[in-house]
Amino acid sequence: MDSCSDYLREKCDSGLSGWTEPWTEPGTACDWLHIPLRLLCGSLLFTCNAVMWTFFSKALRHCSSSARATVTTTASNFISSAVLGTVMFGESHAVLWWVGISLTLSGLLVLHGSTPQTLQQEEGKKDK
């Protein structure tokens, strides 16, 4: 078993130590714990990817350029991973990593703040 399974089994054993009946072997109730947890993680991975692809396809439909949708989806993936990793797992990132995310956000602001040339030209023709 890997260290994660051992850690989970140890926590489960310590949590169930007062609840298990005296005729059961120690640890047998927790031997199968890693299987439903892995299935849960696999289903969450599938669900999150399905949601991401749904939003990405909707963004492609509504954006004037596929580059905007791609950059926005990629940046939101990095940012949400960083925030959730920090909140849920206590991860810490180097300052250079945060500088890179800040540059990515700045690029997104420039990308979404500018209007495409074709829209500006069409508006100019309508005014004349």
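Some ground rules come first. Residues are numbered from 1 along each chain as its sequence is written, and side-chain values use heavy atoms, with hydrogens and water left out. In this predicted model, local features need pLDDT of at least 70 and side-chain atom pairs count only at pLDDT 80 or more, while totals for chains, interfaces and linings use all residues.

Start with the overall build. The protein chain has five helices and zero strands. Helices here are DSSP runs of H or I with at least four residues, strands are runs of E with at least two, and both are numbered from the N terminus. Read from that end, the order is α-α-α-α-α. The chain holds 128 residues, and 12% of them are buried. Buried means under 20% relative accessible area, exposed means over 50%, and partly exposed lies in between (1.4 Å probe, protein chains only).

How confident is the prediction? The score is pLDDT, the predictor's confidence in each residue, from 0 to 100. Its mean over the chain is 77, and 73% of the residues reach 70 or more. Helix α2 has the highest confidence, at 88. Helix α5 (residues 117–127) has the lowest, at a mean of 57. Where pLDDT is low, the predicted coordinates should not be read in detail.

Now look at two stretches of the chain. An unreviewed UniProt entry lists residues 35–56 and 68–89 under "transmembrane region". UniProt positions follow the numbering used here, feature names are shortened, and annotations may be inferred rather than shown by experiment. Residues 35–56 are 100% helix, and their end C-alpha atoms lie 32 Å apart. Residues 68–89 are also 100% helix. Their end C-alpha atoms lie 31 Å apart.

Threonine 54 lies in α2. It is partly exposed, with a relative accessible area of 39%. A polar atom of its side chain lies 2.7 Å from the backbone oxygen of alanine 50. Threonine 73 sits in α3. Why does threonine 73 count as buried? Its relative accessible area is 17%, and the cut-off for buried is under 20%. The side chain of threonine 73 reaches the backbone oxygen of alanine 69 at 2.8 Å.

Finally, turn to the pockets. A pocket is an open set of points on a 1 Å grid over the protein atoms alone, where a 1.4 Å probe fits, with protein on both sides within 12 Å along at least five of seven lines; lining residues have an atom within 4 Å of a point. The largest pocket has a volume of about 430 Å³. It is lined by 14 residues, and Cys48, Met52, Asn77, Ser80 and Ser81 are the closest to its centre. Helices α2 (34–62) and α3 (66–89) each give two or more residues to this lining.

The second largest pocket holds about 160 Å³ of space. Its lining consists of Leu44, Ser81, Leu84, Gly85, Met88, Phe89 and Glu91. Helix α3 supplies the largest share, five residues.

Conventions. Points joined across faces, edges and corners; volume = space filled by probe spheres on them. Polar contact = N/O pair within 3.5 Å; in protein donor to acceptor, adjacent residues only side chain to side chain.
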